[in-house]
Amino acid sequence: MLFDVFYPEKELRQMLKIPDQAIAAFEYFTRTRLITYVQDPLLNLAITHKIHDSANCFLAKRDSVEKCYHFDCVHFIPERWLYRNGALKLCRAGILEWIMPVMNGDRLLCILNAGIRKPPAVLPDDLPVYRAPQHGGAEFLNGLQTADETELRMVLEALRQLAARLLQWHTAMRDSAYTESDLSRADRIRCLVNQNPGMRNGMKQLAKRLNLSLSRTAHVVREETGCGFKELQLANRLNYASALLRTTDLPVAEVARNSGFATLPNFHRLFRQRFGKTPLVYRKTARRES
């Protein structure tokens, strides 16, 4: 169950827009870019800011996306108690960000990362710093604005306020008791399909969640969404693959595998049909335009 009581569908749709609206306001006033590592299924449904997409970050990740992800998320999770009020973050490349866990009691809902900046020569002693072993060079900081002490403090405070807003929203959604069934059936189907693009036996899992037979599920999917389950799943997988190509340096074969495609030739064929380009050409074009 994602929610606990009833809200009219129109109001629910408006409520689901609030996290992204709060993030957009934060970005506007701080002139930073915010990405999230979402741990909570309700926030995962609402937040779309999830992946790094800056040129400096692309450059920093050229040797290992995995090391960046582990520092940003996996290694941070057990240490989040040290940074409950947020911290400055220096990644492996020496890039400055602001980091903040959003907590509901002991439960981690998501990790907020705002940035990016070139760090000043000296950081304030009274601000906590989450720091990775430095392996960066000057090229990773090219073109970045240098943060001064006022910005360091103001953005950190704004990040705390954003975290409070997201927690308030999360609590309202839980305590006001929405149920997953309060979504329209079409939205519920799309939500379940989108939760895991690489999912196998997706039709069986969807039928189980909808408490329907396989044949009835197939009929309901087409009736509610206007297309078949395989069409929905393929569109979701291709959209997910395109996001990985734009925002990571993962090899194309790994992108295909993570997106749920069984073979690389099939991925190439379907991707080209959808986007009019091969995956590699799509990645190069997207980065030139960013």
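Met203, Lys204, Leu206, Ala207 and Leu210 of helix H8 make contact, meaning heavy atoms within 4.5 Å, with Leu214, Thr217, Ala218 and Val221 of helix H9. By class, the contact of H8 with H9 comprises seven nonpolar residues, one polar and one charged, where Ala, Val, Leu, Ile, Met, Phe, Trp, Tyr, Cys and Pro count as nonpolar, Asp, Glu, Lys and Arg as charged, and the others, Gly among them, as polar. The model is predicted, so that local features need pLDDT of at least 70 and side-chain atom pairs count only at pLDDT 80 or more, while totals for chains, interfaces and linings use all residues. Residues are numbered from 1 along each chain as its sequence is written, and side-chain values use heavy atoms, with hydrogens and water left out.

**Overall make-up**

- The protein holds 13 helices and five strands, which are DSSP runs numbered from the N terminus (H or I of at least four residues for helices, E of at least two for strands).
- Of the 290 residues in the protein, 50% are buried, a term that stands for under 20% relative accessible area, with exposed meaning over 50% and partly exposed in between (1.4 Å probe, protein chains only).
- Among contacts between residues at least 6 apart in sequence, 68% join residues at least 24 apart.

**Helix packing around H9**

- The axes of H8 (residues 202-210) and H9 come within 9 Å and cross at roughly 90°, where axes are lines fitted to C-alpha atoms, for helices over the stretch in contact, and angles run from 0 to 180 degrees between N-to-C directions.
- H8 and H9 are therefore roughly perpendicular to each other, given that 65 to 115 degrees counts as roughly perpendicular, under 35 as roughly parallel, over 145 as roughly antiparallel and the rest as oblique.
- Helix H7 (residues 185-194) packs against H9 (residues 214-225) at an angle of about 115°, with the axes 9 Å apart, which makes H7 roughly perpendicular to H9 as well.
- H7 passes H9 in a left-handed crossing, that is, one in which the near helix is turned anticlockwise from the far one by less than a right angle, clockwise being right-handed.
- On the H7 side Arg185, Ala186, Ile189 and Arg190 take part, and they meet Val220, Val221, Glu224 and Thr225 in H9; this contact of H7 with H9 has four nonpolar, one polar and three charged residues.

**Arg185**

- Arg185, located in H7, counts as partly exposed at 37% relative accessibility.
- Leaving aside residues up to four places away in sequence, Arg185 touches Val220 and Glu224.
- The C-alpha atoms of Arg185 and Leu210 are separated by 9.3 Å, although the two residues are 25 residues apart along the chain.

**Aromatic pairs**

- The count comes to ten aromatic pairs, with rings of Phe, Tyr and Trp (its six-membered ring) pairing if their centres lie within 6.5 Å, and with planes under 30 degrees apart counted as stacked, over 60 as edge-to-face and the rest as tilted.
- Phe271 and Tyr282 form an edge-to-face pair, because their ring centres are 5.2 Å apart and their planes stand at 85°.
- This pair joins Phe271 in helix H12 (residues 264-275) to Tyr282 in helix H13 (residues 279-289), eleven residues apart.
- Phe271 and Tyr282 are both buried, the latter with a relative accessible area of 13%.
- Phe275 also pairs with Tyr282, in a tilted arrangement with 5.1 Å centre to centre and 55° between the planes, and Phe275 is partly exposed at a relative accessible area of 22%.
- One aromatic cluster is formed by Phe261, Phe267, Phe271, Phe275 and Tyr282.
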